[in-house]
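I opened this model to record its fold, its helix packing and its aromatic residues. My entries follow the order in which I looked things up.

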Amino acid sequence: MRLYHRGAAFCKKMRGKLSKMSEKRNIRDHKRRLLAAKYELRRKLYKAFCKDLDLPSDMRDKHRYKLSKLPRKSSFARVRNRCIFTGRPRSVYEFFRISRIVFRGLASRGSLMGIKKSSW
């Protein structure tokens, strides 16, 4: 699973344009991604033990208990793709990690290489 966005140099150049709230959201999202990556293997292992019907039920219950004791924020289901400029959670292009609104503005200004407004 990819944890970081592409185009880090471009994002550093635009960092001054981030608002405080979106920066706080992005930091929180980054921490959540790191925590999810840290516990990913353990979580998958416990889930596999819980689903294995060949194991005795007390052992499956023990692993289900261990799974419940992991931090809630360590689940990849809680990770949300956000725009790196505005922190917007919806309509984010995963390849660029920016929202459609920011993407359109940057593309029309010519800031994104290889992308131009189409006309026919």
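The entries below go from the whole chain to single residues.

**Basis of the entries**

I worked from a predicted model, in which local features need pLDDT of at least 70 and side-chain atom pairs count only at pLDDT 80 or more, while totals for chains, interfaces and linings use all residues. I numbered residues from 1 along each chain as its sequence is written, and side-chain values use heavy atoms, with hydrogens and water left out.

**Entry 1: the chain as a whole**

I looked up the secondary structure and found four helices and two strands in the protein chain. Here helices (H or I, at least four residues) and strands (E, at least two) are DSSP runs, numbered from the N terminus. Read from the N terminus, the order is α-α-α-β-β-α.

I then turned to burial, for which buried means under 20% relative accessible area, exposed over 50%, and partly exposed in between (1.4 Å probe, protein chains only). The protein chain has 120 residues, and 29% of them count as buried. Its accessible surface is about 9,300 Å², with 55% belonging to carbon and sulfur atoms. These areas come from the Shrake-Rupley method with a 1.4 Å probe, and for residues only the protein chains shown count as cover.

I also checked contacts, meaning heavy atoms within 4.5 Å. Among contacts with a separation of 6 or more, 53% join residues 24 or more positions apart.

**Entry 2: helix H3 and its cover**

I noted that H3 has 13 residues and reaches 18 Å from its first C-alpha to its last, close to the 18 Å expected at 1.5 Å a residue. The expected span is 1.5 Å times one less than the number of residues.

Which residues of H3 are buried? They are Arg60, His63 and Leu67. Seen down the helix axis, these buried residues fall within an arc of 65°, so they line one face of H3. The arc is that of the directions from the helix axis to the C-beta atoms. On the other side of H3, I recorded Asp58, Tyr65, Ser68 and Lys69 as exposed.

The cover of the buried residues of H3 includes helix H2 (20–51). I followed this up at Phe49, which lies in H2 and is partly exposed at 29% relative accessibility. Leaving aside neighbours within four places in sequence, Phe49 is in contact with Leu55, Arg60 and His63. Phe49 and His63 are 14 residues apart in sequence and 6.5 Å apart in space, C-alpha to C-alpha.

**Entry 3: aromatic rings**

I counted three aromatic pairs in the structure. The rings of Phe95 and Phe96 have centres 5.0 Å apart and planes at 85°, so this pair is edge-to-face. Phe96 and Phe103 form a tilted pair, with 5.3 Å centre to centre and 45° between the planes. For these terms, rings of Phe, Tyr and Trp (its six-membered ring) pair if their centres lie within 6.5 Å; planes under 30 degrees apart count as stacked, over 60 as edge-to-face and the rest as tilted.

Ring pairs link Tyr93, Phe95, Phe96 and Phe103 into a cluster.

**Entry 4: the strands and positive phi**

I looked up two backbone angles next. Most residues other than glycine have a negative phi. Ser91, however, has a positive phi near 50°. Ser91 sits in the loop between helix H3 (57–69) and strand E1 (92–93) and is partly exposed at 31% relative accessibility. Arg97 has a positive phi near 60°. Arg97 is in the loop between E1 and strand E2 (98–99), and is buried at 8% relative accessibility.

Ser99 is buried, at 1% relative accessibility.

**Entry 5: cysteines**

I found zero disulfides, a disulfide being a pair of cysteine sulfur atoms within 2.5 Å. Cys50 is buried at 13% relative accessible area, and Cys83 is buried at 0%.
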